[in-house]
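Thanks for taking a look at this one with me. Here are a few notes to read beside the model, starting with the ligand site.

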Amino acid sequence: MSSSSALTDRASLFDDVLARLGDAVSTPAPIVLIDVVADNIARMQAFAHEHGKQLSPHVKTHKSVRIGKMQLDAGAAGLTAGNLSEAEIFAAAGCADIFLAYPLWAVGTKATRLKRLLQNTRLSVGADSTAAIDRLAEAAGEFAGLLGIVVEIDCGAERSGVPPEEAGRLAAYARSSGLVPVGVFTYPGHGNAVRKPMGAAADQALALRNAVASLAEHGIEAHKVSAGSTPTARLCTDPVITEIRPGEYVFNDFDNLRIGDCEASDIGLFVASTVVSDQGHEHVILDAGAKALSREGDPDRGYGRVPGYEGRLSQLNEYHGFLQLPERNARPGVGQRVAIVPHHVCPIVNSFEELIIANSHGEPIDRCPVDAQGKLN
Ligand SMILES: Cc1ncc(COP(=O)(O)O)c(C=O)c1O
């Protein structure tokens with residue numbers, strides 16, 4: 001079954017939720033099916049448990065303390081943050097172990113904030129250069145001995161990260177700067193495409209093994225060997241890996257469905273939207289544009305799918321979404337509410353102050369703040 005047809009099976013549930021929410025929800029709005037989310041959390045936790053891995057979910061996907069707490073309550077060892085604000089917000093909410101998996105450049109107010117955070121949270125931070133390690137050591141000052149450094153290595157994504165064989169040199173440099181080298185991490189971003197997760201997961205395990213060996217050459221034991229990404233998470237069975245950091249798995253999206261990483265029934269967030277114009281073109285206009293969905297993606301792949309309609313959201317202006325409709329397709333009328341399943345779910349939460357929480361029987365429950373919304377530094 002194609003991923004679009006798999007989504008069609010969810011159309012009646014999503015429509016049901018929309019009908020029950022009615023006009024009480026102003027569109028566009030992100031709707032979270034909380035029991036789907038709870039199942040996604042439980043399944044990933046069970047995988048981690050079964051394979052003896054720590055789970056440190058990346059909070060960028062939900063940016064919400066309430067959902068972070070669901071992950072911790074289910075057994076997550078800690079949380080992964082993408083920036084200092086996320087680390088601060090989740091630490092303030094009581095998360096005792098935070099990994100800022102990013103090559104932080106700790107100067108100015110970031111240096112002050114990092115030092116403050118260090119004093120009440122077990123914090124580790126990514127680094128992939130001696131210059132960044134110098135900044136981190138200066139920022140931490142007398143608390144340097146509390147700051148864990150996780151050397152970032154590149155396993156093929158060509159984003160940040162040093163080659164695995166250089167990891168030991170950086171870890172030793174961190175140690176000589178008074179910081180605490182705790183291990184290595186990588187992000188297999190080159191696995192986010194059809195049929196690529198297997199290869200990326202293999203690259204990731206090999207790179208991590210080489211990096212651990214490189215630390216050992218400098219007499220440093222890697223306690224944290226951290227692997228990333230939702231598409232590769234369940235392929236992270238290599239014994240060298242101590243921790244997995246998936247983020248998207250909590251909601252899932254059309255891209256995860258397309259690569260076979262989830263079922264349509266695992267999609268836990270959609271964007272409620274209203275058809276606001278139909279001028280008889282090959283598309284109708286929805287009220288969810290780039291401000292709501294972000295422009296991540298491209299017109300061919302699309303920016304989102306509407307279960308029950310075969311077309312894709314092929315173009316976004318700031319407040320207008322173009323839902324393409326093949327000629328034979330049914331047409332949603334002006335005023336009709338539709339559910340958009342985004343291609344990539346993570347940017348969505350950053351557009352909204354709150355998530356609307358419903359259960360998968362379609363019953364609305366309450367609202368949940370997106371605590372780290374808009375916090376980009
Ligand atoms: C450093 C890092 N770790 C973990 C993740 C989580 O991966 P995913 O979004 O596939 O769940 C990301 C995603 O961008 C990341 O950049």
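1. By class, the shell around the ligand holds four nonpolar, four polar and four charged residues (Ala, Val, Leu, Ile, Met, Phe, Trp, Tyr, Cys and Pro count as nonpolar, Asp, Glu, Lys and Arg as charged, and the others, Gly among them, as polar). Its members are His58, Lys60, Ala101, Arg159, Tyr187, Ser229, Thr230, Pro231, Arg245, Pro246, Gly247 and Glu248, each with a heavy atom within 4 Å of the ligand.

2. Please keep in mind that this is a predicted model, where local features need pLDDT of at least 70, side-chain atom pairs count only at pLDDT 80 or more, and totals for chains, interfaces and linings use all residues. Residues are numbered from 1 along each chain as its sequence is written, and side-chain values use heavy atoms, with hydrogens and water left out.

3. Two backbone details deserve a look. Thr27 and Pro28 are joined by a cis peptide bond, with omega about -5°; Pro28 sits in the loop between helix H1 (3-21) and strand S1 (29-33). Glu158, a residue other than glycine, has a positive phi near 55°, and its loop runs between strand S6 (148-152) and helix H7 (167-176). Helices (H or I, at least four residues) and strands (E, at least two) are DSSP runs, numbered from the N terminus.
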